[in-house]
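The sequence and structure come first.

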Amino acid sequence: VLPDSRVMKLIGIGAGHPEQITLQAIHALARVDVLFLTDKGEDSADLLAARKAVCAQYMQSRPHRTVVIQDPARDRAAGDYTGAVRAWHDARADVYEQLIEQHLGAGECGALLVWGDPAIYDSALRLLQSVLARGRVSFDYEIIPGISSIQALAARHRISLHDIGQSIHITTGRRLSDADFDAHSSVVVLLDGRCAFAALTRPDLIIYWGAYLGTSDELLIAGALSDVSEQILAARADARRRKGWILDIYLLRRHGGP
Ligand SMILES: C[S@@+](CC[C@H](N)C(=O)[O-])C[C@H]1O[C@@H](n2cnc3c(N)ncnc32)[C@H](O)[C@@H]1O
């Protein structure tokens with residue numbers, strides 16, 4: 001890194017538990033000049049507030065500027081999912097490009113905070129890379145890994161993610177119907193706004209479900225999928241009503257594995 005070049009750090013800040021942040025992340029936060037905080041609208045006001053709390057705790061030692069990024073919304077009604085996501089990423093790249101150019105000075109360090117780990121179902125890295133690929137702004141970038149919601153789920157349920165010597169399949173609710181439980185006895189599902197687990201009819205599945213992991217609102221349910229599916233649907237709907245948003249994740253495991 002040249003002394004006058006700009007650096008963007010993608011900092012994983014854990015899935016929600018205030019102590020699940022690494023020393024590397026804490027040290028990186030202490031060296032930030034410009035913090036870019038994303039605001040994705042009303043229902044994530046709590047998440048923005050939680051990010052600000054992390055910063056307040058670890059960024060006192062050095063004066064820094066904060067830039068709130070109004071993240072463009074995705075067109076959720078669009079029929080072409082991949083096309084809509086691509087258009088949304090372009091619109092976001094425009095915004096990030098402009099703000100980095102405008103607010104990050106030569107030799108300065110900027111940061112984007114990412115829930116969990118930046119390498120798992122998070123678009124910030126691709127976004128920074130597409131901003132760089134456009135060639136209008138230049139900066140170096142670095143990634144600070146974090147504790148993912150996948151690890152937080154396993155820890156809270158006191159389970160291993162996989163059966164002995166077996167593989168794990170990590171996927172989204174949208175793709176759960178493609179999962180092959182005979183090939184992978186354990187399947188972890190993130191980003192499931194539509195409760196895809198409720199459509200599974202295999203009688204041999206166990207589910208370990210967790211919502212708002214690491215926070216004071218945390219919910220945990222585990223059991224045979226056929227027994228607890230309704231209970232999870234009800235707990236999820238109730239929590240969503242109360243808080244206005246939900247973050248949940250689960251692991252499905254075929255019983256009778258080795
Ligand atoms: C955009 S992905 C980000 C994943 C994140 N990078 C990670 O490593 O955990 C968002 C999804 O992560 C899961 N998630 C993140 N934090 C969570 C938490 N505290 N409790 C439960 N699920 C969480 C949910 O499945 C949510 O839909």
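My notes on these points follow.

**Basis.** I worked on a predicted model, in which local features need pLDDT of at least 70 and side-chain atom pairs count only at pLDDT 80 or more, while totals for chains, interfaces and linings use all residues. Residues are numbered from 1 along each chain as its sequence is written, and side-chain values use heavy atoms, with hydrogens and water left out.

**Helix 2.** I took helices (H or I, at least four residues) and strands (E, at least two) as DSSP runs numbered from the N terminus. I then looked up burial (buried is under 20% relative accessible area, exposed over 50%, partly exposed in between, with a 1.4 Å probe and protein chains only) and found Leu-47, Leu-48, Arg-51, Val-54, Cys-55 and Tyr-58 buried in helix 2. These residues lie on the same side of helix 2, because they cover an arc of only 115° around the axis, the arc being that of the directions from the helix axis to the C-beta atoms. Their cover includes helix 1 (23-29), strand 2 (34-39) and strand 4 (109-114), where contact means heavy atoms within 4.5 Å. Ala-53, also found in helix 2, is partly exposed at 44% relative accessibility.

**Salt bridges.** I counted 17 salt bridges, each a side-chain nitrogen of Lys or Arg within 4 Å of a carboxyl oxygen of Asp or Glu. In one of them, Asp-71 pairs with Arg-92, with the closest N and O atoms 2.8 Å apart. Asp-71 lies in the loop between strand 3 (65-70) and helix 3 (81-103) and Arg-92 in helix 3, so the pair ties together parts that are 21 residues apart in sequence. Asp-71 is buried at 11% relative accessible area, and Arg-92 is buried at 3%. I also noted Asp-248 with Arg-236, at 2.7 Å between the closest N and O atoms; Asp-248 lies in strand 10 (residues 248-254) and Arg-236 in helix 6, so this pair ties together parts that are 12 residues apart in sequence. Both Asp-248 and Arg-236 are buried.
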